[in-house]
Amino acid sequence: MKAVILLSGGLDSSTVLYQAKADGYECYPISFDYQQRHRRELQSAFLVAEKAGVVKHQVVNFDLRQWGGSALTDDTINLPQERSLEQMSQNIPVTYVPARNTIFLSFALGYGEAIAAQRVYIGVNALDYSGYPDCRPDYIQAMQKVFQLGTKQGREGKPIEIFAPLIDLKKTEIIQLGNQLGVPWDLTWSCYAGHDVACGVCDSCRLRLAAFAELGLKDPLPYREWGSNFPNDQ
């Protein structure tokens, strides 16, 4: 059995890769260089894929900076920093990249059908404070219909399944699952800031730090700053 895994190199997607491996699939991770602010994540994607012993890891290149519309693809939009978890949960943040998962899943679908894969794994999470519209169950259900209707494989009754094993998990539960699966957290990357060392104050860093701290665990990544709400020993 073959599976395509959307792999950013982050905490969630790395856990999903290791879940696909544990589920018995031959793993074909695919990553995306869309000229994102935090292209540093691709280095982690390579390292995690290598550590997991995947069959083949590919990186697709395109430029979403030509459209902008997100703090991750437009340097004139400031990256949110030092926000509380309550503030993060109020609105869809400026780090939302327009239609990003639709673009990613389209590439994964084409790749998956080309190699006769049975599944596409994606690490979306509906309980994440970011609240991105393309990380929710109704969106995944709609894209599953696209997978069924938009491919030869689907029309012949064997559609590629979109599998989102983290969609109903809290960030702490994802870390616990990753610990069970042996995910190498020290190789992963979550920071949006685009530095060589994680900033510690962007929304993604703070969500990650809060989850590790809640579990009483030490995040193995170094951080430039610790923010106002997290102890520097976590």
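**Note on the predicted chain**

1. In this predicted model, the chain has eight helices and five strands, where helices are DSSP runs of H or I with at least four residues, strands are DSSP runs of E with at least two, and both are numbered from the N terminus. Read from the N terminus on, the elements follow the order β-α-β-α-β-α-α-β-α-α-β-α-α.

2. The radius of gyration, taken over C-alpha atoms, is 17 Å for the chain, close to the 17 Å that the globule rule (2.2 Å times the number of residues to the power 0.38) gives for 234 residues, so the chain is as compact as a globular protein of that length. Along its principal axes, the C-alpha trace spans about 55 × 40 × 30 Å.

3. Of the 234 residues in the chain, 53% are buried, a term that means under 20% relative accessible area with a 1.4 Å probe, counting protein chains only. Strand E2, residues 26-33, is mostly covered, with seven of its eight residues buried.

4. Strand E1 (residues 2-6) runs parallel to E2, and five bridges join the two; strands pair if DSSP finds at least two bridges between them. Ala-3 has Cys-27 in E2 as its bridge partner.

5. Among contacts (heavy atoms within 4.5 Å) between residues at least 6 apart in sequence, 71% join residues at least 24 apart.

6. Residues are numbered from 1 along each chain as its sequence is written, and side-chain values use heavy atoms, leaving out hydrogens and water. Because the model is predicted, local features need pLDDT of at least 70 and side-chain atom pairs count only at pLDDT 80 or more, whereas totals for chains, interfaces and linings use all residues.

Methods
Buried < 20%, exposed > 50% of the residue type's maximum accessible area, 1.4 Å probe, protein only.
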